[in-house]
Amino acid sequence: EDNPINQLLATKMLNTIGYEPVKAENGLEVLELLNTETFDLILMDVQMPEMDGLEATRLIRANTLVQPIIIAMTANAMQSDQEECMKAGMDDYLSKPVRVETLKGMIEKWAMRAKLRSAV
(Lines give C-alpha, C1' and ligand atoms only; values in the text may rest on other atoms or scores of the structure.)
Protein backbone atom coordinates (compact mmCIF):
# COMPACT_ATOMS: atom_id res chain seq x y z
CA GLU A 1 0.00 0.00 0.00
CA ASP A 2 1.50 3.32 -1.06
CA ASN A 3 -1.02 5.62 0.64
CA PRO A 4 0.11 6.45 4.22
CA ILE A 5 -3.45 6.79 5.52
CA ASN A 6 -4.47 3.45 4.02
CA GLN A 7 -1.26 1.91 5.44
CA LEU A 8 -2.15 3.16 8.90
CA LEU A 9 -5.73 1.94 8.61
CA ALA A 10 -4.67 -1.52 7.39
CA THR A 11 -2.03 -1.76 10.13
CA LYS A 12 -4.57 -0.86 12.82
CA MET A 13 -7.06 -3.41 11.48
CA LEU A 14 -4.40 -6.12 11.39
CA ASN A 15 -3.21 -5.18 14.89
CA THR A 16 -6.81 -5.42 16.13
CA ILE A 17 -7.02 -9.05 15.00
CA GLY A 18 -3.59 -9.95 16.36
CA TYR A 19 -1.12 -9.40 13.51
CA GLU A 20 1.90 -7.13 13.15
CA PRO A 21 2.31 -6.49 9.42
CA VAL A 22 5.47 -5.72 7.52
CA LYS A 23 4.81 -2.79 5.18
CA ALA A 24 5.94 -2.13 1.63
CA GLU A 25 5.05 0.94 -0.41
CA ASN A 26 5.36 -0.64 -3.85
CA GLY A 27 5.92 -3.91 -5.65
CA LEU A 28 9.69 -3.46 -5.77
CA GLU A 29 9.80 -3.25 -1.97
CA VAL A 30 7.70 -6.43 -1.75
CA LEU A 31 10.20 -8.28 -3.93
CA GLU A 32 13.12 -6.94 -1.88
CA LEU A 33 11.48 -8.15 1.34
CA LEU A 34 10.96 -11.60 -0.16
CA ASN A 35 14.72 -11.83 -0.78
CA THR A 36 15.34 -11.81 2.98
CA GLU A 37 12.08 -13.01 4.58
CA THR A 38 9.40 -15.63 4.04
CA PHE A 39 5.76 -14.62 4.34
CA ASP A 40 2.72 -16.88 4.61
CA LEU A 41 0.34 -14.22 3.33
CA ILE A 42 0.66 -10.97 1.39
CA LEU A 43 -2.09 -8.36 1.18
CA MET A 44 -1.19 -6.84 -2.18
CA ASP A 45 -2.42 -3.44 -3.26
CA VAL A 46 -3.03 -3.56 -6.99
CA GLN A 47 -2.22 0.06 -7.84
CA MET A 48 1.17 1.13 -6.51
CA PRO A 49 3.95 3.31 -7.92
CA GLU A 50 7.17 1.91 -9.43
CA MET A 51 5.72 -1.62 -9.72
CA ASP A 52 2.05 -2.44 -9.33
CA GLY A 53 0.68 -5.42 -7.45
CA LEU A 54 -0.14 -7.36 -10.59
CA GLU A 55 3.44 -7.29 -11.87
CA ALA A 56 4.84 -7.99 -8.39
CA THR A 57 2.54 -11.02 -8.11
CA ARG A 58 3.60 -12.35 -11.51
CA LEU A 59 7.25 -12.07 -10.48
CA ILE A 60 6.62 -13.72 -7.11
CA ARG A 61 4.84 -16.62 -8.82
CA ALA A 62 7.66 -17.03 -11.34
CA ASN A 63 10.65 -16.58 -9.04
CA THR A 64 9.84 -17.39 -5.41
CA LEU A 65 10.51 -20.88 -4.08
CA VAL A 66 8.16 -20.70 -1.06
CA GLN A 67 4.89 -19.36 -2.42
CA PRO A 68 2.84 -17.09 -0.15
CA ILE A 69 -0.91 -16.65 -0.30
CA ILE A 70 -1.49 -13.35 -2.14
CA ILE A 71 -4.73 -11.47 -1.58
CA ALA A 72 -5.48 -8.48 -3.78
CA MET A 73 -6.66 -5.30 -2.08
CA THR A 74 -8.03 -2.75 -4.50
CA ALA A 75 -10.59 -0.01 -4.88
CA ASN A 76 -11.44 -1.45 -8.30
CA ALA A 77 -14.47 -3.62 -7.67
CA MET A 78 -15.47 -4.72 -11.17
CA GLN A 79 -15.60 -8.41 -12.08
CA SER A 80 -12.94 -7.80 -14.74
CA ASP A 81 -10.62 -6.36 -12.05
CA GLN A 82 -11.00 -9.49 -9.96
CA GLU A 83 -10.36 -11.67 -13.01
CA GLU A 84 -7.20 -9.70 -13.80
CA CYS A 85 -5.93 -10.27 -10.26
CA MET A 86 -6.58 -14.00 -10.48
CA LYS A 87 -4.90 -14.19 -13.89
CA ALA A 88 -1.81 -12.49 -12.41
CA GLY A 89 -1.61 -15.29 -9.83
CA MET A 90 -3.35 -13.85 -6.80
CA ASP A 91 -5.26 -16.28 -4.62
CA ASP A 92 -8.14 -14.06 -3.57
CA TYR A 93 -9.52 -10.55 -3.74
CA LEU A 94 -10.75 -7.87 -1.31
CA SER A 95 -12.26 -4.62 -2.52
CA LYS A 96 -11.64 -1.42 -0.57
CA PRO A 97 -12.81 -0.16 1.76
CA VAL A 98 -12.14 -3.33 3.74
CA ARG A 99 -13.95 -4.01 7.00
CA VAL A 100 -12.14 -5.64 9.93
CA GLU A 101 -14.58 -8.57 9.97
CA THR A 102 -14.07 -9.19 6.25
CA LEU A 103 -10.29 -9.03 6.57
CA LYS A 104 -10.32 -11.38 9.55
CA GLY A 105 -12.53 -13.85 7.69
CA MET A 106 -10.28 -13.78 4.64
CA ILE A 107 -7.14 -14.42 6.72
CA GLU A 108 -8.84 -17.25 8.61
CA LYS A 109 -10.02 -18.82 5.35
CA TRP A 110 -6.52 -18.93 3.92
CA ALA A 111 -4.90 -19.93 7.22
CA MET A 112 -7.14 -23.00 7.29
CA ARG A 113 -6.29 -23.88 3.68
CA ALA A 114 -2.57 -23.43 4.35
CA LYS A 115 -2.78 -25.80 7.31
CA LEU A 116 -4.58 -28.36 5.19
CA ARG A 117 -1.94 -28.09 2.45
CA SER A 118 0.91 -28.61 4.89
CA ALA A 119 -0.81 -31.62 6.46
CA VAL A 120 -1.25 -33.47 3.15
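Predicted model: local features only at pLDDT ≥ 70, side-chain atom pairs only at ≥ 80, totals over all residues.
Which residue of β3 is the bridge partner of I71? The partner of I71 in β3 is D92.

Strand β2 covers residues 69-74 and strand β3 covers residues 92-95. The two strands run parallel and are joined by four bridges. Further along, M73 stands opposite L94 in β3. Between the two strands the chain passes through helix α4, residues 79-88, and β2, α4 and β3 together make a right-handed β-α-β unit.

These strands belong to an open sheet of three strands, in the order β1-β2-β3, with parallel pairing. Strand β1, residues 41-45, and strand β3 are the edge strands, since each of them pairs on one side only. On average, neighbouring strands of the sheet are turned by 25° against each other, direction ignored.

The helices come next. Helix α1 consists of 13 residues, 4-16. From its first C-alpha to its last, α1 reaches 18 Å, close to the 18 Å expected at 1.5 Å a residue. Which residues of α1 are buried? They are Q7, A10, T11, M13 and L14. Seen down the axis of α1, the buried residues fall within an arc of 165°, so they line one face of the helix. The face of α1 turned away from the buried side carries the exposed residues P4, I5, L8, K12 and T16.

Both ends of α1 have a detail to look at. At the start, a side-chain oxygen of N3 reaches to within 2.8 Å of the backbone nitrogen of I5. After α1 comes G18, with a positive phi near 100°.

N26 is found in the loop between α1 and α2, where α2 is residues 27-36. Is N26 buried or exposed? Its relative accessible area is 4%, and buried means under 20%, so N26 counts as buried. A polar atom of the N26 side chain lies 2.9 Å from the backbone nitrogen of E29. The side chain of N26 also makes a polar contact, at 3.3 Å, with the side chain of E50.

E50 lies in another loop, the one between β1 and α3. The backbone of E50 has a positive phi of about 70°, although E50 is not a glycine. As background, most residues other than glycine have a negative phi, and most peptide bonds are trans.

K96 and P97 are joined by a cis peptide bond, with omega about 0°. P97 has its place in the loop between β3 and α5, the helix of residues 100-119.

Key
Residues numbered from 1 in each chain as written. Heavy atoms only, no water. Pairing = 2+ DSSP bridges. Right-handed = clockwise from strand over helix to strand, strands pointing away. Expected span 1.5 Å × (residues − 1). Buried < 20%, exposed > 50% of the residue type's maximum accessible area, 1.4 Å probe, protein only. Arc of directions from axis to C-beta. Polar contact = N/O pair within 3.5 Å; in protein donor to acceptor, adjacent residues only side chain to side chain. Axes fitted to C-alpha atoms, helices over the stretch in contact; angles between N-to-C directions.
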